[in-house]
Amino acid sequence: MDSSDVPEFTPNHRVPPRLRDYFTDASPFHRHLESVRKHTSFGQTPFRRKIPECSPLQENVDPQRIAFLLHKQWTLYTLTPMYKFSYTNLNEYSCLLKSFIAAEKQKGLAVEVGEDFNFKVIFSTLSGMKGTQRDPAAFLVQIISKSQKSSKNAEEKVVWTGWFCCVYGDSLLENVPDDFTCLPLFLANGAESNTALIGTWFQQTFDCRFTRLTISAFNLSWMAAMWTACNLEHYVAATELLWSVPCSPQSLDISYAIHPEDAKALWDSVHQSPEEITQEEVDLFIDCLCSHFHRHFKINLAATRLVCVSTSVASAHTDGKIKILCSKYLIGVLAFLTELAIFQIE
């Protein structure tokens, strides 16, 4: 799906008024963003990136919180800087968002929070979920439905989760004014109706804007290479790539699964530097896979489009869906997604 086909949360797609000055061609923010496109946080140029690695700050994250984030399918969004957001007001935001959801449900809006209004909203920080100390703290928002049982041990169920983060994004957003909090990457898990409603509340409260983040075939190729390059003690899944063949009346998908150790051996044969990955290596890695496929099945994958990549580190789809599988490289995955999110912001 093309990114232009994905609707935003509100029918009015203009940039919020307080942000307009920071997203025009002549603004300091825009000029700075253009300059750092040539020097990303992963390397010296967009054609050269560092291999994903662990951040020492991740050691401060509660392992149970990390486990909660893994093995779930997240939908990706970009988020423009939030105006007047404060980490000291998270409890207040919980109450305000709950009231907003209840009011919308009372109007008859389709909101999936349970049979009645017996639910709660929780804002909480994700300490350590960052690349550097300068990155803003990540935070989590959850909608929890409580059963109607009167018992103190009544069962609670998480019906929607969203989290906001910025990993190795400080150098890209250092010129944003102090009144704004920059967490350009938003990940949501749960009903789309809840995501849209919560997105509307954030837009109205913090004068920001959400946009679906899709992933191009070019960036999926980078993901395939970077995640194959990661050193893992145990592989939990095959390395799988999915190509889409444009045809009528509906598209045809071609799945190509490779044993992860074979994929790693192929990568090692084309990889030169121990610390970074180049565009040339990514192209060669994908070309070798396509050539091998053509040799066995006589199908030219160059005429198709890469739409999905799955490895033991993570899986990602072009429509902006991702599932993170490995806690060791969580920060590395989020760092690349943060870069993509920032580049999509107007």
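1. A cavity here means a set of grid points where a 1.4 Å probe fits but cannot get out. With that in mind, and bearing in mind that the model is predicted, the structure holds 2 cavities of 30 Å³ or more. The largest cavity contains about 80 Å³ of space.

2. Which residues line the largest cavity? The lining is made up of W227, T228, C230, L232, Y235, T239, P260, A263, K264, T311, S312 and V313. Sorted by class, this lining has 7 nonpolar, 4 polar and 1 charged residues. Two helices, α6 (217–229) and α7 (260–270), each supply at least two residues of the lining, and the largest share, 3 residues, comes from α7.

3. Helix α6, which contributes to that lining, has 13 residues and spans 18 Å from its first C-alpha to its last, close to the 18 Å expected at 1.5 Å a residue. The helix is mostly covered, since 11 of its 13 residues are buried. The buried residues of α6 include N219, L220, S221, W222 and M223, and among them are also W227 and T228, two residues that line the largest cavity.

4. I286 and W222 are 64 residues apart in sequence, and their C-alpha atoms are 9.4 Å apart in space. I286 lies in helix α8 (residues 279–297) and, at 11% relative accessibility, counts as buried, as W222 does in α6.

5. Helix α5 (residues 192–206) has 15 residues and reaches 21 Å between its first and last C-alpha atoms, close to the 21 Å expected at 1.5 Å a residue. Its buried residues are N194, T195, L197, I198, G199, T200, W201, F202, Q203 and F206. Helix α9 (residues 330–344) likewise has 15 residues and reaches 21 Å, close to the 21 Å expected at 1.5 Å a residue. In α9, 13 of the 15 residues are buried, so this helix is largely enclosed by the rest of the structure.

6. How is strand β5 paired with strand β4? Strand β4 (residues 119–126) and β5 pair in the antiparallel sense over 8 bridges, and in this pairing I122 stands opposite Q142 in β5. Strand β5 is also joined by 8 bridges to strand β6 (residues 156–165), again running antiparallel, with I144 opposite V158 in β6. Of the 9 residues of β5 (residues 138–146), 8 are buried, so the strand is largely enclosed by the rest of the structure.

7. The cysteines deserve a separate remark. A disulfide is a covalent bond between the sulfur atoms of two cysteines. When a pair of cysteine sulfur atoms must lie within 2.5 Å to be counted, the count comes to 0 disulfides. The cysteine sulfur closest to that of C165 belongs to C166 and is 7.6 Å away, which is too far for a bond. C166 is in no disulfide either, and its nearest cysteine sulfur, that of C182, is 7.0 Å away. C165 is buried, with a relative accessible area of 0%, and C166 also counts as buried, at 1% relative accessibility.

8. Most residues other than glycine have a negative phi. D207, however, has a positive phi of about 55° although it is not a glycine, and this residue comes just after α5, in the loop between α5 and β9 (210–212). K298 has a positive phi of about 60° and is not a glycine either; its place is in the loop between α8 and β13 (305–310).

Key. Residues are numbered from 1 along each chain as its sequence is written. This is a predicted model: local features need pLDDT of at least 70, side-chain atom pairs count only at pLDDT 80 or more; totals for chains, interfaces and linings use all residues. Side-chain values use heavy atoms; hydrogens and water are left out. On a 1 Å grid over the protein atoms alone, a cavity is a set of points where a 1.4 Å probe fits but cannot get out, and a pocket is an open set with protein on both sides within 12 Å along at least five of seven lines; lining residues have an atom within 4 Å of a point. Grid points are joined across faces, edges and corners, and a volume is the space filled by probe spheres set on the points. Helices (H or I, at least four residues) and strands (E, at least two) are DSSP runs, numbered from the N terminus. Ala, Val, Leu, Ile, Met, Phe, Trp, Tyr, Cys and Pro count as nonpolar, Asp, Glu, Lys and Arg as charged, and the others, Gly among them, as polar. The expected span of a helix is 1.5 Å times one less than its number of residues. Buried means under 20% relative accessible area, exposed over 50%, partly exposed in between (1.4 Å probe, protein chains only). Two strands pair if DSSP finds at least two bridges between them.
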